[in-house]
Amino acid sequence: MTEGDVTIAAYYFPNFHVDPRNEQWHGEAWTEWELVKRAEPRFEGHWQPRVPLDGYLDEADPEVMAGKIAMATEHGVGAFLFDWYWYGGRPYLERPLEAAFMPAAVGHDLKFALMWANHHWSNIHPWKSATPATQLESGSVDAEQFEAATDYMIERYFGHPAYLRIGDAPYLSIYELETLVEGLGGVDAAKAALDGLRKRAAQAGFPELHLNAVIRERAVLPDDGVALDGPALVSRLGFDSVTSYVWVHHHPMPTRLTPYAEMRAQAVDGWKRYAAEYDQPYFPNVTVGWDSSPRTVQSDRLNPAWGYPHTNIISDATPEQFGLALEQVRTFVESTNVPLLTINAWNEWTEGSYLEPDTRHRHGHLEQIRRVFGPRP
């Protein structure tokens, strides 16, 4: 990466393929496409279902993934940040990355990295209103499991020619600091675990790691916590940068249909505030949209008072509005010279935030990336 370049990194949510644990919970051949297909409009002006332009594809098919890589690269996306899970001593939802992306990426320019999504996994596929969310897997890891998970990363991913680096350092993002600290037994123990990760990575031939912390100010998922996510903790744990996952982690949606322009204005102010509050560089986030109603039982009344996934919705999330956000984030990255910006998301279909083409906007959001930032070399 030359000085002044910025990598546009889109989060990738890998739940659109058949996974054995999903089959145990939801039945044979289940994928999250089932929720996308069954989504219904719940009130006037509610746009559902969202229909993928290219159909309900199997992302674990290398040919399908090769098509995604080509589409992303053509429109200026430089990396996929895979939501990566480790539950019960082994990875979960890893097949699109390991069986499809990693083989297909050889010979292409698109990079990948991990965003360790270490949150608890709840039964919200879909969630029945007025019932407690059921925790299916715990995102907490003790020291032994932290070492096992990060050894897996070092051995399987960091040396791949397409792995994303900041400078010469492989990039690893961690989603939930509170769960990390709690599982490891406190801040000092978490710091020791991260230091140990750096040491083991160096022994494996990676003398530098770029550790990124995802920050947030508002709970979204049922088990989200926010109390520990702050500048002092990030510095104490030794992270190299911070970023965000999605705008709704920071900014309220005060009305059932909250205009994208309102969210964009809050986000622009947020980028400046986080850059000032944190000692580490803040990699700004641009969000495509938000509508988590496909993760609710469709016969239920949609009631934001019940919390996620019964949330308010970002309206008017058009390619043109997204393009305005990209113009503003380009100004931010040029003024701060950060090497990376994140986009939510490549394919969060059941949260209404995706770059992949649908039948309404087609490739419009992707075309805005190419318009504002130009095609990648």
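The buried residues of helix 11 pack against strand 1 (7–12), helix 3 (62–74), helix 10 and strand 15 (340–344), where contact means heavy atoms within 4.5 Å and buried means under 20% relative accessible area with a 1.4 Å probe, protein chains only. This is a predicted model, in which local features need pLDDT of at least 70 and side-chain atom pairs count only at pLDDT 80 or more, while totals for chains, interfaces and linings use all residues. Residues are numbered from 1 along each chain as its sequence is written, and side-chain values use heavy atoms, with hydrogens and water left out.

**Helix 11**
- Seven of the ten residues of helix 11 (residues 364–373) are buried, so this helix is largely enclosed by the rest of the structure.
- The buried residues are G364, H365, L366, Q368, I369, V372 and F373, and the helix is followed by G374, whose phi is positive, near 80°.

**Helices 9 and 10**
- Helix 9 (residues 260–277) packs with helix 10 (residues 319–336) at an angle of about 15°, their axes lying 10 Å apart.
- That makes helix 9 roughly parallel to helix 10, a term for angles under 35 degrees.
- From helix 9, Y260, A261, R264, V268, W271, K272 and A275 meet Q321, F322, L324, A325, Q328, V329 and F332 in helix 10.
- The residues of this contact divide into ten nonpolar, two polar and two charged.

- Not counting residues up to four places away in sequence, Y157 touches W84, E94, L97, E98, M102, F112, L114, Y152 and Y163.

Methods:
Axes fitted to C-alpha atoms, helices over the stretch in contact; angles between N-to-C directions. Helix = DSSP H or I, 4+ residues; strand = E, 2+ residues; numbered from the N terminus. Parallel < 35°, antiparallel > 145°, perpendicular 65-115°, else oblique. Nonpolar A, V, L, I, M, F, W, Y, C, P; charged D, E, K, R; others polar. Buried < 20%, exposed > 50% of the residue type's maximum accessible area, 1.4 Å probe, protein only.
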